[in-house]
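Biologist: I would like to learn how features of a model such as this one are read, one at a time. Could we look at it together?

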Amino acid sequence: MAMRPPVPVPTLSRRAKTVIGIVAVLLVLFTVIGTLTNVYVDYLWYDETRFTEVFWTEVQTRALLFAVAGVATGGLTALAVYLAYRFRPTFRPMSLEQQNLERYRQSLEPRRKTVLTGLAVVLGLFAGVTAQGSWQTWLTFRNATDFGRTDPQFGKDISFFVFDYPFYRLALGFAFAIVILALIGSLLTHYVFGGLRLQTPGQKLSAAARVQLSVLLGLFVALKAVAYWLDRYGLSYSDRGGFFTGASYTDVNALLPAKNILVFVAVICAIAFFANILVRNTLLPAAALVLLLLASLVIGVAYPAIVQQFVVRPSADQKEQEFTERAIGSTLDAYGLDDIDYVQYAQDQTSGADADAAVAELRNDTQTIPNARLLDPNVLSDTFTARQQIRNVYGFPEKLDIDRYTIDGVTQDYVVAVRELNSAGLSENQASWINRHTVYTHGNGFVAAPANQVVAGQEGGEPNFTTGDLPTRGDIEVTQPRVYYGELMNAGGQDVYSVVGGTEPREFDQPEGGSDEGQINSTYDGEGGVSIGSFFRQLTYAIHYRERNFILSGAVNDQSKVLYVRDPLERVEKAAPFLTVDGDPYPAVVEGRIQWILDGYTTSDAFPYAEQMTLGEAAQDALTGTGTTALPNEQFNYIRNSVKATVDAYDGTVTLYEWDKSDPILQTYMKAFPGIVEPRESMSDELVSHVRYPEDLFKLQRDVLTRYHVSNPIDFYNQNDRWQVSADPTQNTDALQPPYYILAQRPGDEEASFQLTSALNAFQRDNLSAFISASSDPETYGEIQVLRLPGNTPYRGPRQVQNSFTTNNQVRPDLTLFNSENSTAVFGNLLTLPIGNAGLLYVEPLYVQGTGENAFPLLQKVLVNYADRIGYANTLSEALDQVFGAGAGDVAVDSEGAAGGGGAVGEPVPEPTTSAPTSGAPSPPADGGTGDPAARDQAVASLNAAINDLADAQRAGDFARIGQAQADLQAAVQAYQAATGQTSAQPTG
């Protein structure tokens, strides 16, 4: 048979090759320059923040894994292909198959070195890029710290599962990949060059091909034996039990022995493949392979399925009892819930609770009611903006924060915020490069209002700003009010950099006193920022930000610095990449400086027997994404609040503190990054007084407790005492109710403590089952208390209470009036407050907000619920009187002295009260109203007119008109009350 002539290979012209070469060089050059610039800018940031240890450790570890994985994968695969080519048969039998392959051989032969090199490089790059992403797995394996406790099945320290097992799996995965790639490359090479002849009569494999393929297949099966061995430990993460995580009865009694047997079968199979090198009989490895497949199917799949179906399932509660106990204990341990204080609460309270006993508890509890929070930080952002923004370049976050301060020996919680630079609020003229990056560079000021006070008088219903204005003044002393680092710095999701420094003040600092046009400028002199005085640095940042003004603008000089990565959360994540950071940083004034305080978590997804969860989903609630950052959707089953971090709002200094000294994961990372985490003892007492129990951790823990508060394995299996988190009753959504910070007195405690709280309902019901709180006080930090309500009495949950409010015959008419064309009723946070041992009291503020562009919510009413009693009044004390009888509300006054109003910054308002003149509209009498109908109709018309005038004034931002409108509204309210003969609202059922 005549040989086919070789197929001519198309070639490019010399000119085309030159053009392609130039384009390729330019692409590579631009890519390299861009990459090196980004790396250098990163290094300068780490150098400025003194976290170069993190930068170099991460770079070196990534480079090491990239090199090892790349060389191993690319090199060994190329070696296998080279050996297959090197030992190709010299002579090949003549056949149609070989004739068809000849043209491929002729095409590859002159380019074999290029092809082989390209194969090694491409595979090496893919493997290296994949491996370097697991740099933390290698670091934790290398620096592993023992947990000091063992798993219940294998008796190994938990560190083996958390640190060692993931690395072994990673290494085994790459070993499998290398062998498979080498096997595929060898098969293709042998086939193309005649060592493997599938369609040619006679011998199908050359001797060299048989040896090489036998070795590779033997290595693959040997790795499978290792995988079976590791699978034994992987049973600790099994979900076969269905209602718990970890090795089940079937896993331990059927699958574990099967894995042990399969290890030996795989070893025998591997030996058979290696023996084929000498025996030269393919039947032996084929028989061994069939044995392995049958064994894996029969004893690895069929036998466990039979045991599960016919032994376990008929009596799962009994068979899985031991393993359920393991799962409960491990899950509680993994989520830091192994030391919960369960209190059987309100055993004597019924729907007809004894009001006298409740009043006695109210009087004994002298700190919960006086500190009842009527200001909702999730509602008042617009109010803070309207009253404290001062200039459009400033702004407040969508969600404000709660913290506590001790002023004149009295501790109370405050709604706090920082007057930040709001880059998104700059006008068109202000948004030029010069203005955006060199003039409007920072915010200015700290704003605080006691959470249980509002201003009385013409402008009633507003927060009592005891600290605020510009320059900042008030009862919280702020010596450095400038804010260069904050939550609003990232406009549109992009890091907004600022160029600061120099001899001439050019940065807008604050308006000049008494002038709407004048301004006071300043120059940044803090330690933060990267110096860009040299031309090389200016060129670097010009390339990085693609901005020529770094080189051309006169605003950039030899004393200039550039500030970037200015969001506190992003700074901590960048400084400590091994931490998951809580999504709600909050500001605190510590030693006169504004510090952002953040909570850092160490997590793992490899804690044995602990239930797996998804971070982002488990921490989701109705406020997620509203002024907070959602946690990543990553799997985990272990978490600790191991680090408290601070970011200085002026110079950006990031400080990490070792908060949980018992966390082995943090200890492991402290070995990997020595010196970056400071000991807890270096935290000042003032800083410690502002730490809070973190919200995201609390949300994860309350979710776990809805199931794992049950310690009896039989009851756990039956799920007959399961809880759930209530949907947020104040919003038309199924999203979960967020936890709330309150300053309250726990049952049995003598003093109030700052705590994070949440109500828990019965599963798939709206009845209340438990109340959980976590202490934030330094002396009792982290102590979690669960008040368990009797299961034989239906207590109202948050949604039921909210429903009773909105359908109440005194509240409903006001809501109709508030929800008009010009205003909207806004319910604040529905707080659940334990009152001694008498039961739980619900308190909710009701705001009214105009519909105009610049309108903001004002506190109008207070709603109270206890058992089946409802109070609805202008003040908390009046609402308590309605619920418990005359004089009950005195505790809200007597414990602090006298009730009072206020208004000026720094003037205290002890009683949590609202202002009657701004109640918006009165509640009609319970009997439907009396008096002259004509006079009543006239009064209603006057009310509507007054509300319209108030809304118009708020839209215009005319504070003089607002004051007059509120005075008119007060007169209209009094006229309506006179026309209807209305008195204060009475308790209703």
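Biologist: What volume does the second largest cavity have?

Modeller: The general idea is that rolling a probe the size of a water molecule over the atoms shows where empty space is left. In this structure, which is a predicted model, a search of the whole finds seven cavities of 30 Å³ or more, and the second largest cavity has a volume of about 120 Å³. Its lining is made of 18 residues, of which Asp621, Thr624, Thr628, Asp696 and Lys699 are the closest to its centre. Helix H18 (615-618) and helix H21 (695-708) are the elements that give two or more residues to this lining, and H21 gives the most, with three residues.

Biologist: How many of the residues lining the second largest cavity are nonpolar, polar and charged?

Modeller: The lining of the second largest cavity divides into six nonpolar, six polar and six charged residues.

Biologist: How much space lies in the second largest pocket, and which residues are closest to its centre?

Modeller: The second largest pocket holds about 720 Å³ of space, and among the 28 residues that line this pocket, the closest to its centre are Gln136, Thr603, Ser604, Asp605 and Tyr669. At least two lining residues come from each of helix H5 (135-142), helix H6 (158-192), strand E18 (593-604), strand E20 (635-636) and helix H19 (664-672). By class, the lining of the second largest pocket has 15 nonpolar, eleven polar and two charged residues.

Biologist: How should I read two helices that meet, and at what angle do the axes of H1 and H2 cross?

Modeller: Two packed helices are described by the angle between their axes and the distance between the axes. Here the axes of helix H1 (residues 14-49) and helix H2 (residues 52-86) cross at roughly 145° and come within 7 Å. On the H1 side, Val39, Asp42, Tyr43, Tyr46 and Asp47 take part, and they meet Thr52, Val54, Phe55 and Trp56 in H2. Sorted by class, the residues of this contact are six nonpolar, one polar and two charged.

Biologist: What span should H1 have, and how far apart are its end C-alpha atoms?

Modeller: At 1.5 Å a residue, the 36 residues of H1 should span 52 Å, and because its end C-alpha atoms are 52 Å apart, the two values agree. Just after H1, Arg50 takes a positive phi of about 65°.

Biologist: Which residues of H1 are buried, and what do they pack against?

Modeller: The buried residues of H1 are Thr37, Val41, Leu44, Trp45, Tyr46, Glu48 and Thr49. The buried residues of H1 pack against H2, strand E14 (530-531), helix H15 (535-545) and helix H17 (568-575).

Biologist: Is Asn761 buried or exposed?

Modeller: A residue counts as buried when its relative accessible area is under 20%, and Asn761, in strand E26 (residues 752-762), has a value of 1% and is therefore buried. Leaving aside residues up to four places away in sequence, Asn761 touches several others, including Arg722, Trp723, Asp766, Leu768 and Pro798. For the protein chain, buried residues make up 55% of the 989 residues.

Biologist: What is the relative accessible area of Ala971?

Modeller: Ala971, found in helix H28 (residues 959-980), has a relative accessible area of 43% and is therefore partly exposed. Ala971 and Ala946 are 25 residues apart in sequence, with their C-alpha atoms 9.2 Å apart in space.

Technical notes: Residues numbered from 1 in each chain as written. Predicted model: local features only at pLDDT ≥ 70, side-chain atom pairs only at ≥ 80, totals over all residues. Heavy atoms only, no water. 1 Å grid on protein atoms, 1.4 Å probe; cavity = no way out; pocket = protein on both sides within 12 Å on 5 of 7 lines; lining within 4 Å. Points joined across faces, edges and corners; volume = space filled by probe spheres on them. Helix = DSSP H or I, 4+ residues; strand = E, 2+ residues; numbered from the N terminus. Nonpolar A, V, L, I, M, F, W, Y, C, P; charged D, E, K, R; others polar. Axes fitted to C-alpha atoms, helices over the stretch in contact; angles between N-to-C directions. Contact = heavy atoms within 4.5 Å. Buried < 20%, exposed > 50% of the residue type's maximum accessible area, 1.4 Å probe, protein only. Expected span 1.5 Å × (residues − 1).
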